[in-house]
Amino acid sequence: MSIAVTGLNHHTSAIELRERLTLPSERLPAALHQLRRRFPEGGAVILSTCNRVEVYAHAELPPDRIHAELRAFLAEWSGMAESAFAEALYEHHDRAAVSHLFKVAASLDSMVVGEGQILGQVHDAYLAAQAEEAVDKVLGVLFQRAFKVAKDVRTRTRIGEGHVSVASVAVDLAVSIFSDLADKTVLVLGSGETGELALKSLVDRGVSKVIVANRTRQHAETLAQRFRGEALGLDALATRLHEADIVISSTASETPILFWEDFYLALKRRNNAPIFVIDIAVPRDIDAGVNTLDNVYLYDIDDLQQVAEENMAARRSELARAIEIVEHQADQFMRWRQALHAEPAIVGMSQELHAIAARELEKTLQKLPDLTEKQRAEVEYLSRRIVNNILQRPLTQLKKEAAHEDAGRLVHLIRRLFGIEEGA
Amino acid sequence: MSIAIFAAFFGAVVLVCAAAALSLAYLVFARNDRLLVGAWSLGLGACLLLGLAGVLRAAAWGKVPLTEPIDFINLFLFTVAMAAVGLTRSGRTRALLAFYLPPVALLALLAAAYAVPDLGSAPKALPNTLLIAHVTPAILAYGLFFTASLTSIAYVFQARRLKQRNTAGLFQKLPSLENLDRTLYTLIGLGYPVFVVTLTLGLVWAYLDRALLSPTWWLSPKIFVSACMVVFYACAFHGRQLGRLRGPKLAYTLFVFGAFLAVYLVLKTIAFSEYNFWVAAQ
């Protein structure tokens with residue numbers, strides 16, 4: 001039996017192609033049903049996200065056949081000819097497929113390396129397949145291992161540390177100053193797109209009070225309404241600045257609109273409680289000298305991008321260690337799977353010896369009709385114990401040896417020695 | 001009883017060293033909260049054993065053990081370790097253990113190396129209960145101040161990294177500035193009244209037992225440092241309360257005064273080790 005994956009992702013295809021191949025969650029059950037019909041003795045899992053569409057299958061077919069089936073499946077469900085997406089496809093089988101899944105789950109193959117969302121998506125894909133009874137034993141263990149590997153990679157490396165988008169970096173910095181954002185006030189100046197994104201991220205993290213100030217009061221009111229905030233004209237800024245714990249500025253002003261003196265006075269009025277200033281405007285809205293004030297932390301767009309790039313670089317530097325963990329775990333999984341081949345032989349050997357013991361026991365008990373119930377039970381228990389003791393060492397050794405690739409001969413020998421049929 | 005005292009003290013030293021190693025491993029290696037939970041649990045164990053060592057010494061000799069260096073260090077370490085585990089109960093501030101526990105471990109090792117013979121000997125008796133009531137909170141207040149100084153290092157580190165836009169690595173593992181500021185405020189808020197009580201009791205004792213003291217007792221460096229300490233505590237606490245001394249200013253002030261105290265302690269050990277009120281009185 002083989003494990004195989006066929007799919008495409010953001011490295012190999014444009015978004016237009018991925019959009020056509022993607023399988024929305026409402027179509028997944030039907031798609032999984034069809035895969036079950038294609039691989040009746042195995043299983044399949046479909047991972048469909050905005051950056052990748054992949055189908056994992058485990059079947060009693062050679063890898064080429066599984067890949068052909070998966071290609072046909074994708075063509076059928078997308079309504080496209082195989083040739084339309086064949087060039088964008090990647091196909092892996094057995095160890096390479098295992099390693100690929102581990103990398104995907106650990107976010108080593110993501111567009112933003114180390115992002116945490118993919119693990120949830122892999123988990124959802126697994127649960128969807130499980131709900132349709134499309135997960136067999138091997139795929140079940142494979143995906144459970146993938147979740148464990150992803151967790152290992154996150155705890156043993158720094159791959160998931162630090163955000164890599166400007167808005168998320170701004171939120172991270174706000175949290176590193178204030179920890180709890182629930183009782184904090186955000187003052188937004190202007191209505192730039194990045195500023196709004198940063199505001200949305202802050203509101204998502206619990207910020208409850210929003211003040212929007214704009215030269216055009218109507219613009220301020222529109223944005224304030226969306227975030228249930230208060231609207232101000234820019235003229236009221238000086239008198240309200242001290243209320244803000246976080247200031248996001250993204251106006252189109254050609255000259256700075258807030259200066260050292262404004263923040264100095266604001267700090268005095270707020271008893272020197274810290275202010276985090278995010279100036280995303282180009283040209284900048286806040287005089288750079290503001291950062292010389294204690295308790296004012298000013299970040300402009302370049303600073304935020306620099307932090308994002310540093311975080312990204314830090315993640316990339318961890319990639320080698322993360323891959324090492326993934327490859328080690330892929331080897332472990334392959335050993336477990338190899339050992340699985342010996343399982344029928346192990347079960348057969350155990351059954352055979354117990355059957356012999358049962359037959360001999362029956363003969364002996366017929367010759368001893370005067371035994372009490374308790375004595376009979378003792379003799380039966382004795383015979384089972386002898387068989388188990390005889391089996392213990394060979395079974396342990398066999399399980400150990402079976403994990404190696406050259407275990408086929410040993411398994412074959414066991415089958416011959418104990419007369420176990422190939423299909424057993 | 002002696003064996004139990006030694007076992008409790010050395011057990012505490014081992015636990016606090018292990019806790020310090022775990023907390024540093026968290027800072028240096030990957031972010032793994034289990035390391036901090038382990039450090040916290042071991043730190044709590046060390047606290048309990050340090051407390052037990054003190055209680056056992058009191059029980060063994062029937063005196064409150066406060067006069068020997070090992071007793072002073074034991075109570076001091078107990079205070080700092082207790083403050084550390086108390087302040088880091090929540091996961092948000094637990095990384096501070098990496099600032100608290102290594103110095104505690106270092107002091108514990110030094111104590112184990114130099115002051116341990118005192119563990120088996122009887123402590124001197126303090127002349128009266130008032131003096132016991134004066135010395136005990138003094139050690140507690142110095143312990144709380146030491147903890148605040150260590151917290152200020154974390155604050156200065158975080159604030160500087162934020163200003164320099166260097167927010168990778170360690171920065172991401174340490175608590176937020178707000179949490180650090182709150183921790184500093186809590187520590188000086190606890191230490192200040194304790195020190196005021198210490199000083200008041202000390203002055204009452206000095207007045208009542210003035211016959212025992214030399215006429216120039218107030219020239220003792222200890223008195224000078226105590227006066228500086230109470231002024232400092234008052235400035236720090238009220239300054240922070242009013243918002244005048246907040247954030248980096250408070251942290252730097254604590255750090256500088258902590259350094260001043262450390263220099264004084266070194267000088268006292270080297271140059272003034274023989275000086276005390278009783279010697280002056282003789």
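## Exercises on a two-chain predicted model

Across the interface of chain B and chain A, the rule finds 2 salt bridges (a side-chain nitrogen of Lys or Arg within 4 Å of a carboxyl oxygen of Asp or Glu). The model is predicted: local features need pLDDT of at least 70, side-chain atom pairs count only at pLDDT 80 or more, and totals for chains, interfaces and linings use all residues. Residues are numbered from 1 along each chain as its sequence is written, chains are lettered from A and ligands numbered from 1 in the order in which they are written, and side-chain values use heavy atoms, with hydrogens and water left out.

**Exercise 1. Describe the interface of chain B and chain A.**

Step 1. Take the contacts (heavy atoms within 4.5 Å). On chain B, 27 residues are in contact with 32 residues of chain A.

Step 2. Take the buried area, the accessible area (1.4 Å probe) that two parts lose on being put together, summed over both. The two chains bury about 2,500 Å² between them. Carbon and sulfur atoms carry 42% of that area.

Step 3. Count polar contacts. Each is a pair of N or O atoms within 3.5 Å; within protein, one must be able to donate a hydrogen and the other to accept it, and residues adjacent in sequence count only if both atoms are side-chain atoms. Between chain B and chain A, 16 residue pairs are in polar contact, both residues at pLDDT 80 or more.

Step 4. Assign the elements. Helices (H or I, at least four residues) and strands (E, at least two) are DSSP runs, numbered from the N terminus. On the side of chain B that touches chain A, α1 (2–28), α5 (129–163), α6 (177–208) and α8 (248–270) each supply at least two residues. The largest share, 5 residues, comes from α5(B).

**Exercise 2. Where does Asn291(A) lie, and what does it touch?**

Step 1. Asn291(A) is in the loop between β9 (275–279) and β10 (296–300) of chain A.

Step 2. Its relative accessibility is 12%, so Asn291(A) counts as buried.

Step 3. Set aside neighbours within four places in sequence. Asn291(A) then contacts Val296(A), Tyr297(A) and Leu298(A), and also Lys163(B) and Arg165(B).

Step 4. Pro283(A) is placed in the loop between β9 and β10 too. A cis peptide bond joins Val282(A) to Pro283(A), with omega about -5°.

**Exercise 3. Find the phi of Asp94(A) and of Asn272(A).**

Step 1. Most residues other than glycine have a negative phi, and most peptide bonds are trans.

Step 2. Asp94(A) has a positive phi, near 50°. Its place is the loop between β4 (90–93) and α5 (95–105) of chain A. Asp94(A) is buried because its relative accessible area is 18%.

Step 3. Asn272(A) has a positive phi of about 65°. It is in the loop between α12 (260–269) and β9 of chain A. At 19% relative accessible area, Asn272(A) is buried.

Conventions: Buried means under 20% relative accessible area, exposed over 50%, partly exposed in between (1.4 Å probe, protein chains only).
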